[in-house]
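Please read it alongside the sequence and coordinates.

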Amino acid sequence: MPPLTPTTAALLSLTALLASGAPRQDAADASDALTTHLKGEIKRSMEEGNLEGMVVVISIGDQVLLQEGRGRLPGGRIAEPDQPVRAEVLVEPLTAIAALQLVGEGKLALDQSVHSVLEDLKWEEGEVTVQQLLGQTSGLIGWDAALPPHERAGATTASLLELVKGQGLESTPGTCFSYSESNALVLGAMIEAVTGKPLHKVITAKILEAAELESTGFGLDGAPPTVEGSVGTREIGGDLIAVPEGVHPFQEDDFCASALDLLRLRLALSDGTLLGEAELEAFTGPRRLADGTPTGYGLGVNQTLVGDHAGVSLGGTA
C-alpha cells in the first residue's frame, strides 16, 4: 500500500484476531499494543512532517476502544473521528472489494485474464489475471513514475491505460510481488467494462451505500477542497459519460472518508454485508507467489502483526 499521506484517515482492525476466537484478555492486550504502536507512528509522522492530521479508531467487535484526533487539518480544523478528510488512498482497496463482489456474482473470475475483458491490453511477457492485479503480482509497471509532472494534468484513464500497455511488464506475472498503482487502474477499467458504469458509481452503490457509511464518498458537501481536474468523456456501457479527469483516474482526488466510517466498513466486511465468506477470505488472507513464497499481502489489503497477533490494514497505513 502507499505510505501515509497528509490528512488520511486510518483504521487498523483486529479482524483476524477476532475471527480466531482469541480470549478477550488477549484481545485487550493486543489493543493496548496497537494503541501504543499507533501513537508512536503518529508522533514519528508528525515530527517528520509527513502528517498534518490523523484520526485513529480502534475497536474489538462493535466495541470502540479508542477514537482520537491528532493534529490539525488544513484551515486549522481539528481532526474528529466523524469528520471527512481526503482519503484517495482508500479507492484502491474499495476497487478490490468491488472486483471481489463481481467474482462472487460470477461476473468476473480470479483466474480471468485482463485481455478477456479489455481486448487492447495484452503483454508479450504473459497473461495478467484479476488475482494478480489484486495481489500486486502482475508485473505491471507503475504509471506514476513514468508520467512527467507537467503531463499529469491532461492525463485521462484511456491515456494512462495506453501508457501501462506500452511499458510492458517488469516481471513474469505471478513471480514477483511489487506494489504498482497500475494494478488498481487496470482493475477499475475492468470493473467499468463489466458493469457498464463508472467506477465511482459502482463503489458508491455497492459499497458505501450498502455499508451505510455516513460521511464517506466522492464529492461530499463540506468536504476539504480537492485538486480540480478537467472534465472529459469516456465510453462506458456503450454511452459517452462525462467524468472528471486529472492526476488520478476514477475521481480518486474527489474522495473523502471519516475514521468512524472505516469502522463501519470493517464491520460490513466481517458480517457478510459486502463480501461472501470465500471472497472475504481472499481479500484478507495471505497470498503466495507461484513458487510458494508468501507476499504478506491479501487481495487488496496488507497483512499486519500487532505483537504476535495477525490482522489486516487498509486506508493509508504503512
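The points below are grouped by topic, after a note on conventions.

The model is predicted: local features need pLDDT of at least 70, side-chain atom pairs count only at pLDDT 80 or more, and totals for chains, interfaces and linings use all residues. Residues are numbered from 1 along each chain as its sequence is written, and side-chain values use heavy atoms, with hydrogens and water left out.

**Salt bridges**

- The search of the whole structure returns 4 salt bridges, each defined as a side-chain nitrogen of Lys or Arg within 4 Å of a carboxyl oxygen of Asp or Glu.
- In general, side chains of opposite charge can pair when their charged atoms come close.

**The network at Glu105**

- Salt bridges link Glu105, Lys107 and Lys206 in a network.
- Glu105 pairs with Lys107 at 3.5 Å, N to O, and with Lys206 at 2.6 Å, N to O.
- Glu105 sits in the loop between α3 (91-104) and α4 (130-134), while Lys206 is in helix α9 (residues 199-208), so this pair ties together parts that are 101 residues apart in sequence.
- Helices here are DSSP runs (H or I, at least four residues), as strands are (E, at least two), numbered from the N terminus.
- Glu105 is partly exposed at 40% relative accessibility, and Lys206 is partly exposed at 25%.
- The classes are buried under 20% relative accessible area, exposed over 50%, and partly exposed in between, with a 1.4 Å probe and protein chains only.

**The pair within α10**

- Arg264 and Asp261 form a salt bridge at 2.5 Å, N to O.
- Both residues belong to helix α10 (residues 259-270), where they are 3 residues apart, about one turn of the helix.
- Asp261 is buried, with a relative accessible area of 0%, whereas Arg264 is partly exposed at 27%.

**Cysteines**

- The whole-structure search finds 0 disulfides, the criterion being a pair of cysteine sulfur atoms within 2.5 Å.
- Cys176 is partly exposed, at 33% relative accessible area, while Cys256 is buried at 1%.

**Ser182**

- Ser182 is part of helix α8 (residues 181-195) and is buried, with 0% relative accessibility.
- A polar atom of the Ser182 side chain lies 3.0 Å from the backbone nitrogen of Trp143.
- Apart from neighbours within four places in sequence, Ser182 is in contact with Leu140, Ile141, Gly142, Trp143 and Val164, where contact means heavy atoms within 4.5 Å.

Methods: Polar contact = N/O pair within 3.5 Å; in protein donor to acceptor, adjacent residues only side chain to side chain.
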